[in-house]
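Welcome, and thanks for taking a look.

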Amino acid sequence: MSEILIKNGFVYDPINGINGEILDIGVKDGKIVDPSQIDLSKALVIDAKGKIVMPGGIDIHSHIAGPKVNIGRLMRPEDHYLTNKPHKLPYRRAETGLTVPNVFRIGYDYARMGYTLVVEPATPPIKTRHTHEELNDIPIIDKAAFVLVDSNWLALDLIIEGLRELLAAYLAWLLYTTKTFALKLVDPGSDVTWVLRGRGVDVDEQIPVYNITPRDIVREIGNASQLLNLPHKMHIHCNRLGYPGNYLTTLKTIGVIKDILRVSETPVLHVTHVQFTGYKGDSWATLESGGEDIAGAVKANPYVTLDLGQVILGRPATTMTADAPFEYVLYHLTRWKWANADTEVETAAGIVPYKYKKRSYVNTIQWAIGLEVALLTGDPWRVIPTTDHPNAGPFKDYPIMFSWLISKKAREDMMKEVNQRALKKTTLPSIDVEFSLYDIAIMTRAAPAKLLGLDRFKGHLGVGADADIAIYDLNPREVDLSRDYEKFIKAFKRAWLVIKSGEIVVKEGEVVKTIYGSTYYVEPEIPSELKRDLDSFLKKKFKEYYSITLDSLLIREYELRRAVKIPITTRIKG
Amino acid sequence: MRYVSTVTYSLYLKSKPTVLIDVRHLTPDEFAGKELSSIKSIVVWEGGKKTYLSELFDIKGPEKAPGDPGLITITFETGSSKLCYIGYKMSKGKIIVKGDAGHLVGYKMKGGSIVVEGNARDYVGVKMRDGTIEIHGNVGHRLGGKLLGEKPGKGMKGGTIIVHGNAGSEVGVGMEKGLIIIHGNAGNLVGSDMIGGSVVVRGNCGLYPGAGMSGGRVIVGGRVNAILPSFYADSMTPSISVRGVKFDKPFMVFIGDVVVGGRGLLYISYNDNKEILEYYKSLIEEVSVEI
C-alpha cells in the first residue's frame with residue numbers, strides 16, 4: 001500500500017479540535033501517521049491548497065440493505081428507467097436507481113459525497129443473513145447494522161418475567177449471532193398489536209396478551225443496553241410515528257431515560273428521524289410543528305441524541321419501515337402501492353412509495369420541523385442530519401440539506417417555493433441560526449463517530465485513525481458560505497478526492513477504484529453461568545416459536561466480507 | 001400561399017442487425033437544419049455501443065435539410081424488429097417504416113405521424129402526447145400504455161393510434177386521453193388502469209377488459225372471454241359511433257371498475273357474447289320492470 005501526503009489543505013477535525021487550520025496529513029498502510037514518517041521519495045503528494053480536508057463522513061441512519069430494501073426495488077421499476085449508468089470496468093460497476101438504488105450506486109454515491117461509514121438501522125434477526133449479503137456487495141464504504149428487538153417475543157417474555165440479566169444476555173447473544181452493532185426499537189410493541197389487533201399503540205397503552213406498555217419495553221431494553229455497556233446504546237423510532245399530535249409521545253419516550261440506570265457518560269437514547277415524530281395539532285388539516293418542544297426537551301436532557309429525517313421537497317421517496325401499521329395508513333392516503341411483511345416472532349415491515357410536494361401543506365410543515373429541531377437545539381454534537389434514506393428523501397441530497405443548515409439565504413430561497421400557509425404555522429422564518437463548516441464537520445463526522453463509539457479510529461484525522469479522508473474543492477476563506485451556498489452544494493455533492501483505507505477511490509467526483517469496506521459488529525461477553533441459563537431458555541423458546549432451528553440463526557464470521565469484531569466488557573454479574 | 005416542398009431521407013440498413021438498435025435520434029426534429037454530413041454523424045446505439053448513423057445505414061436525401069421539421073419525411077426503407085425508439089419525442093414531420101419496427105415506437109411522441117407498414121413490437125406509442133401512429137401489421141403488448149410500475153394516468157396523453165392487425169395484452173394501460181383503434185383482435189386486459197380516452201377493438205379480446213379503469217371508454221366489437229364481476233350492467237344501446245368508428249349492432253354498457261371507484265364505460269357487443277350477457281340483460285330488464 002502506497003504512502004500519501006496531503007499538503008496545505010484546510011483541515012476540519014472536530015475530535016482533535018482542529019478548525020480550518022492548514023496542516024499536512026500523512027497516510028501509511030491504511031492508517032493516518034505523522035507527516036514526518038512519510039518517505040517523500042516514494043510517497044504520493046497531493047496538493048490540497050485552497051481545499052477542505054475532512055475525515056470520511058459517517059451516516060448513522062440510512063436504509064441501504066436488507067429484505068425491505070430489496071422489496072422496495074422490486075416494487076418500483078419506475079425508479080430505474082432513467083437512472084441507469086453503464087459500467088466502466090475495471091473501475092466502476094453499473095449503477096441504477098434513485099430512491100432505492102442498486103448496491104453499487106449506494107456505495108459509489110456515498111463515496112462521491114465523501115462518506116465512508118454507513119449504518120443500516122433496521123434488520124429483523126431472522127432476515128439478517130440477507131442484510132449481510134447485501135452489505136457485502138456494497139462497495140467502498142464501511143458498514144454496520146442495527147438489529148430490531150422492538151416486538152421480539154422472546155425479549156417480551158423476558159420483560160414480563162422481570163429477568164433483567166437474562167434479557168441482557170439474550171440481547172448480547174442476539175447481537176453476536178446476527179453480527180450486528182446495536183439495538184433498534186421501532187415503534188416498540190406495535191408489531192404485536194398490529195398482528196393481533198390490526199393497529200398500533202401509544203407509549204402508555206397496553207400491548208395485548210403481554211399487558212405491558214411500550215414504556216416498559218424502552219426502559220427494560222435501555223437498562224439491558226446499559227448492563228451490556230454497548231457503544232451505541234439504543235436507537236429508537238418512537239411510537240405513533242406520522243400521526244398529528246405525536247410530539248407528546250416523543251417527549252414521553254425521551255422522559256423514559258430518567259428510569260434508566262446509566263453506567264457511563266455516553267448518550268442513553270438516540271431518537272431517530274425525529275421529524276416524523278414531531279407533529280403538533282389534532283389532524284392533518286391543523287398540523288403544526290412541534291420542533292420547538294422537541295428542541296427544548298433535547299436541551300434539557302443531555303443524554304439524548306437525535307437524527308433529523310429531514311424531508312427533501314420535490315423528490316420522490318420510498319418509505320420503508322418496520323412500523324407496519326403506519327405504512328398501512330400511508331397506503332390509504334396515497335392509494336398506489338403497498339407491501340407489507342411479517343417476520344414470524346420478531347417484527348413487521350411496510351413499504352409505500354411517496355412524493356414530498358413543495359406546495360403541500362403537510363409536507364411543508366414536515367420540511368420545517370426537521371430544520372427547526374436542528375437549528376433550535378443548536379448542539380451539533382447531538383443532532384445529526386439525515387434524510388432517513390429513502391423515507392424522507394434520497395441520501396444523494398445531503399449537501400442540499402446541509403446548505404439549509406449553514407445558510408439562511410438557502411432556506412429563504414426554498415421558502416419562496418413552499419406552501420405559504422404552512423410556513424406561517426412554523427417558526428422557521430424567524431430563525432437566524434447558521435451553522436459553520438466546523439459544525440457540519442461535527443454533525444457528519446465527529447458526532448456520529450462518538451455516538452457509535454468508534455471515535456478511536458473513525459471520524460477524525462489524528463494519528464492512528466483509519467485513513468478515510470474526503471477533500472472538497474471549496475476555499476472556506478474565500479467563499480462566503482451563507483451567501484454562495486450553491487458553491488457549497490456543488491463541492492459537497494462531488495468530493496474532489498476521497499481516500500478510503502489509504503486508497504484513492506474518488507478523483508474529481510468520479511469513482512476510480514472499487515474496493516470493499518468492513519462490516520462492524522459487537523460481541524458482548526456473557527458470564528458462563530448466565531450462558532447456561534440462556535441456552536436452556538433459547539432451546540425451549542426456539543422450539544416453541546420459530547420455524548427455524550437455533551443453529552440456522554447464527555451468522556458466521558466468514559459470511560461477512562470483512563468482519564471487524566468489537567469486543568465489549570459488560571456489567572452483567574452472572 | 002407560399003409553396004412548401006417536403007423532403008425525404010431514405011435510410012437503408014447496411015446489414016441485418018443482430019442486436020437491438022436505439023434510433024431515438026433519427027427524428028425530423030434532429031435532422032432539421034442539418035447538412036447531410038452532420039446527419040450522417042448522428043449518434044445511434046447498437047446494443048450498448050455508441051456508433052453513428054453512417055455506420056449502420058446508407059442514407060439518401062438532399063444536401064441540406066429544411067429548418068422546419070414538419071417538412072421532413074424519414075423513410076426506413078428496410079425495416080427490422082431490432083429498431084427501437086423510432087420517433088422518440090418527435091414533434092413534427094413524418095416517419096415511414098417500410099417493414100417491421102421494434103420496441104417503443106413513438107415513445108413520448110409530441111406530434112407528427114409515424115406509419116409502420118409491417119409489425120411493431122411492445123410499447124408502441126407509450127406516453128405519447130399528440131400525433132398519429134398507424135401500424136399496418138400486428139403490435140405487441142402495452143400499446144399506448146405506461147411503463148411498468150407507474151401510476152394510472154401516466155400512459156398515453158393524446159393523439160391517435162390505429163392498428164390494422166392484432167394487438168397484444170394491456171392495450172392502453174394507464175392511458176389518460178387519446179384514441180386507440182384496433183381493427184383486429186386484442187389480448188387480455190384491454191384498457192386496464194385507464195383514467196380517460198377511448199380504446200376501440202373491432203375484433204375479439206381476451207380476459208377482463210377495463211380491469212381497474214376509473215374513466216374513459218373501452219369498446220369491444222367482437223367476442224370477450226370474460227368480464228370482471230366488478231363492472232355493473234347499465235343499459236343496452238342499439239348502435240354506437242366513436243370518433244368515426246361506427247357499429248350497427250346492439251351493445252351492452254357496463255360501468256366500472258367499482259374496485260377503484262371508477263366511472264369508466266365498457267361497451268360489449270351483445271350479439272357476439274350472448275351466453276355471457278344474457279344474464280346481465282335479464283338483470284337490466286328486471287330493474288326496469290320494477291320501476
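Predicted model: local features only at pLDDT ≥ 70, side-chain atom pairs only at ≥ 80, totals over all residues.

The briefing below goes through the chains, their sheets and helices, and their cores.

**Where the chains meet**

**Chain B as a whole**
- Chain B has four helices and 21 strands.
- A compact globule of 291 residues would have a radius of gyration near 19 Å, and the 21 Å of chain B agrees with that.
- The C-alpha trace of chain B spans about 75 × 45 × 30 Å along its principal axes.
- Buried residues make up 45% of the 291 in chain B.
- Of the contacts in chain B with a separation of 6 or more, 41% join residues 24 or more positions apart.

**An open sheet in chain B**
- Four strands of chain B make an open sheet with mixed pairing, in the order β4-β3-β2-β7.
- The edges are β4 (49-52) and β7 (83-84) of chain B; each has a single partner strand, so one side of each lacks a neighbour in the sheet.
- β3 of chain B, residues 43-46, pairs with β4(B) in the antiparallel sense over four bridges.
- Within that pair, T51(B) in β4(B) is the residue opposite V44(B).

**Nonpolar cores**
- The largest nonpolar core holds 168 residues, and V53(A), A111(A), L171(A), V373(A) and I471(A) have the most contacts inside it.
- Another core lies apart from it, with 75 residues that include C84(B), V105(B), V126(B) and V199(B).
- Leaving out residues up to four places away in sequence, A111(A) touches I140(A), I141(A), V498(A), K500(A), V505(A), V506(A) and V511(A).

**Strand β9 of chain A**
- All five residues of β9(A), which covers 182-186, are buried.
- A182(A), K184(A) and V186(A) point one way from the strand, and L183(A) and L185(A) point the other way.
- In a regular strand, side chains alternate between the two faces of the sheet.
- β9(A) runs parallel to β8(A), joined by three bridges, and F146(A) stands opposite A182(A).
- β9(A) also runs parallel to β10(A), residues 234-237, through four bridges; here L183(A) has M234(A) as its bridge partner.

**Helix α3 of chain A**
- In α3(A), residues 128-137, the buried residues are T128(A), T131(A), H132(A), E134(A) and L135(A).
- These residues share one side of α3(A), because they cover an arc of only 165° around the axis.
- They pack against α2 (103-112), β7 (115-123), β8 (142-148), α5 (164-178) and β23 (519-524) of chain A.

**V271 of chain A**
- V271(A) sits in strand β11 of chain A, residues 269-271.
- Is V271(A) buried or exposed? V271(A) counts as buried because it has 24 C-beta neighbours inside 10 Å, where 20 or more are needed.
- Although V271(A) and T305(A) are 34 residues apart along the chain, 6.2 Å separates their C-alpha atoms.
- Not counting residues up to four places away in sequence, V271(A) touches I236(A), C238(A), T250(A), T253(A), I254(A), V304(A) and L306(A).

Key. Residues numbered from 1 in each chain as written. Chains lettered and ligands numbered in written order. Pairing = 2+ DSSP bridges. Helix = DSSP H or I, 4+ residues; strand = E, 2+ residues; numbered from the N terminus. Rg over C-alpha atoms; globule rule 2.2 N^0.38 Å. Buried ≥ 20, exposed ≤ 12 C-beta atoms within 10 Å, placed from the backbone. Contact = placed C-beta atoms within 7 Å. Arc of directions from axis to C-beta. Core = buried A, V, L, I, M, F, W, Y, C linked by C-beta atoms within 7 Å.
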